[in-house]
Amino acid sequence: MTDPHVASPPEAPVDIEFRVGRLSFDPHRIVYSTVILMAALSIYDEGTDPFTRGPLFELVGVTLAPLLALTLAHAFSDALDLQIRNRRRLTGSDRRHLLATNLEYMYVAIPPMLLLGVLALFGWDANDAVTLVEIVGAMSLGFWGAFAARKAGLGRWTQTRFAIGYGLMGLVVIAVELILTH
């Protein structure tokens, strides 16, 4: 019988990385930047005209600008944290590590920009294209909910409930932004 007054050894840390081939992603950074991107897109008034080069480039800017700001803010914060914790100036290795980890916030821009480009080629109007991108964003949050439940060792039914819950959270983000701005 174990003594309740003796602390049990700490469990090994759970690997939360999501891997695709040689690439690995931190779900925290991906979810965070997805929500920021969805909020930015729901605020943007894209209009109902078909995409032309101008609105498409404008939408690329709307996609990249908040994620770049997020990336730079976290890089700055992480640099301060690293410098204070290590009590030294940042090395080249530190800076490369900070760049690599904080660029993950920008990865979220790639699928929407590709999708918007394809939809523009097919003559979709900007409003419908952005709506589809936001729905895909909400679905991706559902994926991350299921991923989190799976990594936590929860059963399939719970994974499904997490997927639905996280997807609904994405739709709530879009709904709140639309209510506030339209």
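In this predicted model, helix α6 supplies the largest share of the lining of the largest pocket, namely seven residues. Three helices, α1 (27-43), α5 and α6, each contribute at least two residues to the lining. Sorted by class, the lining of the largest pocket holds 16 nonpolar residues, three polar ones and one charged one.

By class, seven of the lining residues of the second largest pocket are nonpolar, one is polar and one is charged.

Helix α6 also packs against a neighbouring element. Two packed helices are described by the angle between their axes and the distance between the axes. For helix α5 (residues 110-121) and helix α6 (residues 126-151), the angle is about 145 degrees and the axes are 10 Å apart. The crossing of these two helices is right-handed. On the α5 side, the residues that meet α6 are Pro112, Leu115, Leu116 and Leu119, and their partners in α6 are Ala129, Val130, Leu132, Val133 and Val136. The contact of α5 with α6 is made by nine nonpolar residues, with no polar and no charged ones.

Further along the topic of α6 comes Ala138, a residue of that helix. Is Ala138 buried or exposed? Ala138 counts as buried because its relative accessibility is 4%, and the cut-off for buried is under 20%. Leaving out residues up to four places away in sequence, Ala138 touches Met38, Gly167, Gly170 and Leu171. One of these contacts, Gly170, is 32 residues from Ala138 along the chain, yet the C-alpha atoms of the two are separated by 4.5 Å.

Pro66 and Met106 lie 40 residues apart in sequence, and the distance between their C-alpha atoms is 9.4 Å. Which residues does Pro66 contact, leaving aside its neighbours within four places in sequence? The contacts of Pro66 are Ile36, Ala40 and Gly61.

The last stop is the loop between α2 and α3 (92-102), which holds Arg87. Most residues other than glycine have a negative phi. Arg87 is not a glycine, but its phi is positive, at about 55 degrees. The relative accessible area of Arg87 is 78%, so this residue is exposed, the cut-off for exposed being over 50%. Ala138, by contrast, is buried at 4%.

Technical notes. Residues numbered from 1 in each chain as written. Predicted model: local features only at pLDDT ≥ 70, side-chain atom pairs only at ≥ 80, totals over all residues. Heavy atoms only, no water. Axes fitted to C-alpha atoms, helices over the stretch in contact; angles between N-to-C directions. Helix = DSSP H or I, 4+ residues; strand = E, 2+ residues; numbered from the N terminus. Left-handed = near helix turned anticlockwise from the far one by under 90°. Contact = heavy atoms within 4.5 Å. Nonpolar A, V, L, I, M, F, W, Y, C, P; charged D, E, K, R; others polar. Buried < 20%, exposed > 50% of the residue type's maximum accessible area, 1.4 Å probe, protein only.
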